[in-house]
2 protein chains.
Amino acid sequence: MAKKISLADIASSLGVSKTLVSLVVNNKGDAHGISKETQKKVREKIRELKYQPNELARGFRMGKTNTIGLIVSDISNRFYAKIARNIEDYAWQHGYTVIICSTDEQVEKEKEQIRLLMDRKVDGLIISSSQESPDFFNNLVEVGMPHVLIDRTFDQMKSPAVSVDNYAGARLAAQHLLSQGLQKIALVTITPEHISTISRRIDGFTHELAANGINLPPEWFIKVPFDNMEAVLSERLTSLSEANNLPEAIFTLNNNLTSVCLKCLRELSVSVPRQIALIGFDDVTFFSFTQPSVTAIAQPIDRISEKAFELLLQQFGKSQTAAKLQNTVLAVDIKIRESSLKPIPTYT
Amino acid sequence: MAKKISLADIASSLGVSKTLVSLVVNNKGDAHGISKETQKKVREKIRELKYQPNELARGFRMGKTNTIGLIVSDISNRFYAKIARNIEDYAWQHGYTVIICSTDEQVEKEKEQIRLLMDRKVDGLIISSSQESPDFFNNLVEVGMPHVLIDRTFDQMKSPAVSVDNYAGARLAAQHLLSQGLQKIALVTITPEHISTISRRIDGFTHELAANGINLPPEWFIKVPFDNMEAVLSERLTSLSEANNLPEAIFTLNNNLTSVCLKCLRELSVSVPRQIALIGFDDVTFFSFTQPSVTAIAQPIDRISEKAFELLLQQFGKSQTAAKLQNTVLAVDIKIRESSLKPIPTYT
DNA sequence: TTGAAAGCGCTAACAT
DNA sequence: ATGTTAGCGCTTTCAA
């Protein structure tokens, strides 16, 4: 690795002070009344020697790294990948760079990652947490670490947050199914269920069903583990099928679940939507490409990212004051497509 | 932000030197003959004061940040999202953290990002480049910046790289189509075509067709811009359809293209595979869930990531020696599914 | 078995 | 209009 040119190098080779050079590098030359002439000399030397400021040293000195951390359960999940991309864009626009960490829903790993990023002095954190309580994050606001919680939030939390109205979204799904006269309805969720998004979707859906006099029998309240969806779901559906006890409709609580469910139904040769109507929470592009296209509750991914980044910037601004709680809840949409439509639409 | 405890704090509060504390923090106490007793005292104080080493300062001092940069065209693309996840895992296992940058195929942005990451002193770079020549990267090996090129590579490059056999993969696709007696075959590619993966796929496919006496007429060599696939492809297919000049089969050069093509065909009410057989380069989970399921050339994503990270670690090891060129080319697989099968398979 | 001091590259208060 | 100096928090000779 060729020795890097430093401020001192260009200063000494010019017979001026490091201060001077630093000033012009940071475009503070004029403000400090450094002569145009000297500035030009310095700039030329900088170009000649191909000087590049050591951002690490600068960050160290200024206590600011222009880096933010993004913590999610799995960056390869469509939803988070999109979020990541949007946040990366906003970050880049503001001169920040983003470090990504996937937790695999493991609370300890998540904490470890956050601690590491803090030790690395990232300026802020955007987190979709797998934790069960807000304690860890309340402590973060206590110590003044800028951060915002996204997607998954907590009651009693002190952190700024942005999420969507999961409860309303799930109700939308239930209403859509009910409006078509469907009564035998199943719910497929992942465990752990304590995740706020999941529990609110469950509540919204079951409440809406209950309000319409329908209850969700245990055998149609299907829980599959986060890391083994396909095998478990397949097994459950198969046994329901064999018992001749399949529902008429299924609501899946996230996009992975929706995909996996589609696949399982296919393998069981269950036709969607003819035999079973399907609707999922969380929309992905692909759902409009498939046959049948898939009905889904769509989250405003870009607005989530935008708001999250904005809340972070806000905290960077007022350095000393503790981050003020602001819990933004965004509305969701239902994208009605073929998979949930009974009777089946006819094509020309 | 509560004042952070530093090495000096715990040293002075114990009446010992920073050296001592540093040594025990880094588990070099025994090696340097520091008494068990003192070590214990230090460790207790560390716990009491909740001391956390400032990794930024440490990185600055040691010239090592334990951070690597991952540069791809778009982190929200399935393929790169998976790559990112795998690399993140390997990185985490080895104590590294990863910064992600999406270039949107913009060469200048890519260069800027790489320069910024270098100024931030990342230890290494893994790059799927959008550049047209290897010059920039050859220079990187010259200055001893550890990096590895993935996915897209260059002739005459001096950088370590890992890619897949795009040429062979495309031939596989052609052979599959030809083996079914299909003759009227179209190719859908993105522009810019200079990207190595793309050009090799084009070559492999057209060469295989040519070897079988089939040529690709210009109107079936469909080029759509990276950032406007759907509109353009739709327009082209529509006009072919109106001219009654649709092919019998289509080969799409990446997963986005495949999805988009599927959608366009649907909107044209063209049945896949009955009217047109479809096969795409690059497999994504979803392709096995759809109706029809989609035939694709599958890349060994995990092996790409693993090898890439390994090549990077290798460069970290032998610090002084220039990175030795190693261009790993991995084999691809064809996943034959319904979309490419003629006659259409029958289901029970 | 332990400590003093230098220094990584930069910025900023304080001279001059 | 420009320079001196101290110091961010850590590791690492070199001494004692």
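**Exercise 1.** Work out how many salt bridges the rule finds across the interface of chain B and chain A.

*Solution.* Start with the rule: a salt bridge is a side-chain nitrogen of Lys or Arg within 4 Å of a carboxyl oxygen of Asp or Glu. Run across the interface of chain B and chain A, it finds 6. Next, take a look at Asp104(A), which pairs with Arg85(B) in a salt bridge whose closest N and O atoms are 2.5 Å apart. Asp104(A) also has a positive phi of about 55 degrees, although it is not a glycine.

A quick note on the ground rules: this is a predicted model, where local features need pLDDT of at least 70, side-chain atom pairs count only at pLDDT 80 or more, and totals for chains, interfaces and linings use all residues. Residues are numbered from 1 along each chain as its sequence is written, chains are lettered from A and ligands numbered from 1 in the order in which they are written, and side-chain values use heavy atoms, with hydrogens and water left out.

**Exercise 2.** Find how much area chain B and chain A bury between them.

*Solution.* Buried area is the accessible area (1.4 Å probe) that two parts lose on being put together, summed over both. Here that comes to about 5,600 Å², with 56% of it on carbon and sulfur atoms. Then count residues in contact (heavy atoms within 4.5 Å): chain B brings 62 and chain A brings 63.

**Exercise 3.** Locate the cis peptide bond that joins Val272(B) to a proline.

*Solution.* Val272(B) is joined this way to Pro273(B), and omega is about 0 degrees. In chain A, the bond from Thr191(A) to Pro192(A) is cis too, with omega near 5 degrees.
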